[in-house]
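Subject: Structure handover

Hello,

Here is the structure you are taking over, followed by notes on what was found in it. Please keep it open while you read.

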Amino acid sequence: MKKLLAMLLIGAMAIGLIACGANGDVDEAAALRDIETADSSIVYIDDEAIALVGSIADANMTEEERAEAEELRGMAVSVFNQCNALRQEQGLKTLDWDDSLELSAAVRASEIVGTFSHTRPNGNPWWTVNSDLMWGENLAKGFASTEATVDAWMNSPSHKANVMDGGFNTMSIAVYRINNVLYFAQEFGY
């Protein structure tokens with residue numbers, strides 16, 4: 001009986017590694033807010049975190065910093081385009097890029113460096129960066145390419161469900177790099 005249990009556990013772990021990809025991680029489940037139980041009278045917007053991310057873009061960057069920012073933005077747009085192509089293949093409408101949602105994604109991408117979780121470092125839920133906009137979230141870290149990141153999300157049922165959710169209208173992605181590790185935050189809105 002112990003051998004059977006050990007074999008089942010090893011099999012489950014192998015499936016989990018395949019779904020996550022050999023060179024990166026995705027959180028065990030994608031995050032999705034329940035629209036029926038959301039209290040629309042309470043709005044959370046973390047202006048301080050959003051302002052810090054916004055100020056980075058407005059700072060006097062060196063040429064090297066500007067080139068890296070452009071490279072990371074190109075990766076984010078690549079993920080966006082790949083996900084929209086997959087949606088089109090399934091007969092779903094493409095999602096629109098939302099600049100405000102991009103700022104929220106940038107906050108989340110920088111936060112998951114320290115705490116790779118759908119819970120923010122301060123203990124609040126992920127969507128409290130901007131509860132007016134954020135209704136779904138996919139995270140990933142450590143993948144070598146945008147294609148590998150999207151493949152990992154598409155091989156995870158909960159992440160794929162967010163990408164293929166027919167109710168979403170907007171999507172934005174931010175990519176953050178530290179110590180040559182890429183962190184992806186994909187945010188969805190209605």
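Is Asn-179 buried or exposed? Asn-179 counts as exposed, because its relative accessibility is 71% and exposed means over 50%. Please bear in mind throughout that this is a predicted model.

On the loop first. Asn-179 sits in the loop that joins β4 and β5, and its phi is near 50 degrees, a positive value in a residue other than glycine. Asn-180 is in the loop between β4 and β5 as well. Its phi is near 65 degrees, again positive in a residue other than glycine. With a relative accessibility of 72%, Asn-180 also counts as exposed.

On confidence. The average pLDDT of the chain is 83, and 76% of the residues score at least 70. Residues 1-22 are another matter: pLDDT stays under 50 there, and the model has eight contacts beyond four places in sequence for this stretch. Where pLDDT is low, the predicted coordinates should not be read in detail.

On helix α3. This helix covers residues 63-89, 27 residues in total. From its first C-alpha to its last it reaches 39 Å, close to the 39 Å expected at 1.5 Å a residue. Its buried residues are Leu-72, Met-75, Ala-76, Val-79, Phe-80, Cys-83, Asn-84 and Arg-87. The elements that cover them include α5 (146-154), α6, β4 (170-178) and β5 (181-189). Just after α3 comes Gly-91, with a positive phi of about 80 degrees.

Leaving out residues up to four places away in sequence, Cys-83 touches Val-150, Val-163, Met-171 and Gln-186. Cys-83 and Met-171 are 88 residues apart in sequence, yet their C-alpha atoms are 9.4 Å apart in space.

On the nonpolar cores. The largest one has 23 residues. Those with the most contacts inside it are Val-79, Met-171, Ile-173, Val-175 and Phe-184. Two or more residues of this core come from each of α3, α5, β4 and β5. Helix α3 gives the most to this core, with six residues. Apart from it lies another core, of eight residues, including Ile-112, Ala-174, Tyr-183 and Ala-185.

On helix α6. This helix runs over residues 157-163 and holds Asn-162. Why does Asn-162 count as buried? Its relative accessible area is 3%, and buried means under 20%. Beyond its neighbours within four places in sequence, Asn-162 is in contact with Ala-30, Ala-31, Leu-32, Gly-136, Glu-137, Asn-138, Phe-168 and Phe-188.

To set the asparagines side by side: Asn-162 is buried, whereas Asn-179 is exposed and Asn-180 is exposed.

Regards

How values were computed
Residues numbered from 1 in each chain as written. Predicted model: local features only at pLDDT ≥ 70, side-chain atom pairs only at ≥ 80, totals over all residues. Heavy atoms only, no water. Helix = DSSP H or I, 4+ residues; strand = E, 2+ residues; numbered from the N terminus. Buried < 20%, exposed > 50% of the residue type's maximum accessible area, 1.4 Å probe, protein only. Contact = heavy atoms within 4.5 Å. pLDDT = per-residue confidence, 0-100. Expected span 1.5 Å × (residues − 1). Core = buried A, V, L, I, M, F, W, Y, C linked by side-chain atoms within 4.5 Å.
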